[in-house]
Amino acid sequence: MRIRSVAGLLAAAAGAMFILMSCGGPTRDKSARKMSSTENSPLSTTEWTYIEVDSAKAMWGDYDEPEWLRYFGLAAADLDGDGFMEIISGRNVYFNPKGDMSQSWGKLDLGQNVDANLVIQLEDTPFPSVLAESLPDVIRFAFDPSAGYKSEVVAQVPPTGHHNGQGYKTADLLPDHGGEEVIYASQGGLYLIDPAGGQPWPVTLVGKDASDEGFGVADMDRDGDLDLISGYRAPGADAEVPTVVVWFENPGALTEDWARHPVGHSVYATDRVEAADLNGDGRPDVVVAEERYPGLEPDASLWVFMQSDTGFVRQKIVTQYSMNNLDVADIDKDGDQDLLTAEHKGPDLALQLWLNDGEGHFTKQEIDRGKESHLGTQAYDLDGDGDLDIVSIGWDEHRFVHIWRNDAL
């Protein structure tokens with residue numbers, strides 16, 4: 001399938017509406033700013049500018065059954081090599097307007113109902129490819145700035161109860177296979193897809209009975225390869241409310257059913273999972289954000305599981321409204337990993353940065369309120385200035401794509 005050229009679409013696009021305001025600091029023109037050194041002091045985390053990328057995003061149910069279903073996909077990457085990242089979500093690619101990013105973002109429709117959620121650089125291709133789910137089909141969109149996109153089905157993964165999956169990443173799990181692999185959380189567990197394995201791309205169920213929600217990637221046993229961390233659908237338990245957290249050990253080869261190891265338990269549904277060394281001891285720790293449905297009470301918790309010589313020690317960061325959002329990144333550039341999350345439910349819908357003191361103790365900084373997020377609060381350097389911005393999408397307010405521009409630099 002061919003669509004009109006990207007250049008033509010951008011020229012014709014009316015563009016999404018945007019709102020520009022200061023969140024905790026003055027609005028400034030980032031394009032005129034010089035890069036500053038951060039080697040001796042952490043970056044400020046109090047200066048953010050909100051930008052509305054889209055307020056008219058469609059949902060899956062506008063085109064296919066079920067009619068209530070929204071899109072889960074969210075990614076960002078520099079697709080055209082201009083130093084600025086595009087945003088990919090659902091059936092749309094949003095082209096960065098450059099500068100301070102406050103102008104209208106060109107909105108390109110991929111031409112079919114897919115849930116685009118990943119970008120991968122394949123060998124022997126000049127531009128990154130966009131990957132999308134329309135399960136059971138996994139579809140690759142090959143990009144050419146002058147010609148647009150050409151799509152092809154490259155693999156198949158079982159559909160979930162929500163049709164498409166909510167966990168997706170790329171990582172170099174098998175260094176000998178060349179390039180990165182694709183990991184999708186779906187019905188039955190975690191599926192590893194090998195783009196270097198020929199056509200169609202081979203699919204292997206490596207994390208049996210893992211949740212189809214979020215998952216993390218880290219070298220949990222410090223043996224030199226990357227493992228997978230997720231919620232687990234324990235036999236006999238409610239499959240829709242997994243409260244067991246596990247990690248799957250990478251054997252260093254493309255085999256099925258990786259060995260499963262315990263991390264701990266959440267109280268309510270394990271929704272988003274990430275892993276990173278939070279206290280500087282060289283051992284990856286695990287972060288879990290709980291989901292509550294319908295989410296009428298503030299009883300969901302954000303947990304960290306600190307790895308020790310004898311296992312994992314669970315510590316609560318906060319209990320609040322359902323958090324269907326999580327990322328781990330060094331936002332203030334002080335050398336440790338901070339946490340990003342947002343309330344998906346409740347009256348405040350608070351976007352939160354939890355700053356790490358380097359020893360795994362966290363202090364909340366509220367960035368904004370009133371903008372619903374789902375599978376969002378993802379950190380990317382969208383404008384290439386050296387600090388991390390935040391991207392989010394909604395579920396209840398599915399029409400919106402949000403950016404919080406980091407004005408630390």
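Biologist: Why is Asp277 called partly exposed?

Modeller: This is a predicted model, and its computed relative accessible area for Asp277 is 27%. Buried means under 20% and exposed means over 50%, so Asp277, at 27%, falls in between and is called partly exposed.

Biologist: Where does Asp277 sit, and which residues does Asp277 touch?

Modeller: Asp277 lies in the loop between β19 and β20. Leaving aside residues up to four places away in sequence, Asp277 touches Gly282, Arg283, Pro284, Asp285 and Gln337. A contact here means heavy atoms within 4.5 Å.

Biologist: What separates the C-alpha atoms of Asp277 and His402?

Modeller: These C-alpha atoms are separated by 28 Å, and the two residues are 125 residues apart along the chain.

Biologist: What makes β29 a mostly covered strand?

Modeller: Six of the six residues of β29, which spans residues 401-406, are buried. Val401, Ile403 and Arg405 are buried on one side, and His402, Trp404 and Asn406 are buried on the other. Both faces of β29 are therefore covered, since buried means under 20% relative accessible area.

Biologist: How do you know that β29 pairs with β2 and with β28?

Modeller: Two strands pair if there are at least two bridges between them. β2 (residues 48-54) and β29 have six bridges, while β28 (residues 389-393) and β29 have four. Each count meets the cut-off of at least two, so each is a pair, and each runs in the antiparallel sense. To find them in the view, look for Thr49 opposite Arg405 in β29, and for Ser392, whose bridge partner in β29 is His402.

Biologist: Why are β19 and β22 said to stand at the edges?

Modeller: The open sheet of four strands has the order β19-β20-β21-β22, with antiparallel pairing. β19 and β22 (311-320) each have a single partner strand, so one side of each is left without a neighbour in the sheet. From one strand to the next, the twist averages 20°.

Biologist: What makes β20 and β21 a pair?

Modeller: β20 and β21 share four bridges in the antiparallel sense. The cut-off is at least two, so they count as a pair. Val288 stands opposite Trp303 in β21.

Biologist: Are Lys98 and Thr377 buried or partly exposed, and how do you know?

Modeller: Lys98 has a relative accessible area of 39%, which is between 20% and 50%, so Lys98 is partly exposed. Thr377 is at 0%, which is under 20%, so Thr377 counts as buried.

Biologist: What makes up the lining of the largest pocket?

Modeller: The largest pocket has a volume of about 700 Å³. Of its 28 lining residues, the closest to the centre are Tyr168, Lys169, Glu274, Asp327 and Gln378. By class, the lining has 17 nonpolar, seven polar and four charged residues.

Biologist: And which residues are closest to the centre of the second largest pocket?

Modeller: They are His162, Glu213, Glu291, Tyr293 and Asn324, out of 27 lining residues. The second largest pocket holds about 530 Å³ of space, and its lining has nine nonpolar, 10 polar and eight charged residues. β15 gives the most to this lining, with three residues.

Notes:
Residues numbered from 1 in each chain as written. Predicted model: local features only at pLDDT ≥ 70, side-chain atom pairs only at ≥ 80, totals over all residues. Heavy atoms only, no water. 1 Å grid on protein atoms, 1.4 Å probe; cavity = no way out; pocket = protein on both sides within 12 Å on 5 of 7 lines; lining within 4 Å. Points joined across faces, edges and corners; volume = space filled by probe spheres on them. Nonpolar A, V, L, I, M, F, W, Y, C, P; charged D, E, K, R; others polar. Buried < 20%, exposed > 50% of the residue type's maximum accessible area, 1.4 Å probe, protein only. Axes fitted to C-alpha atoms, helices over the stretch in contact; angles between N-to-C directions.
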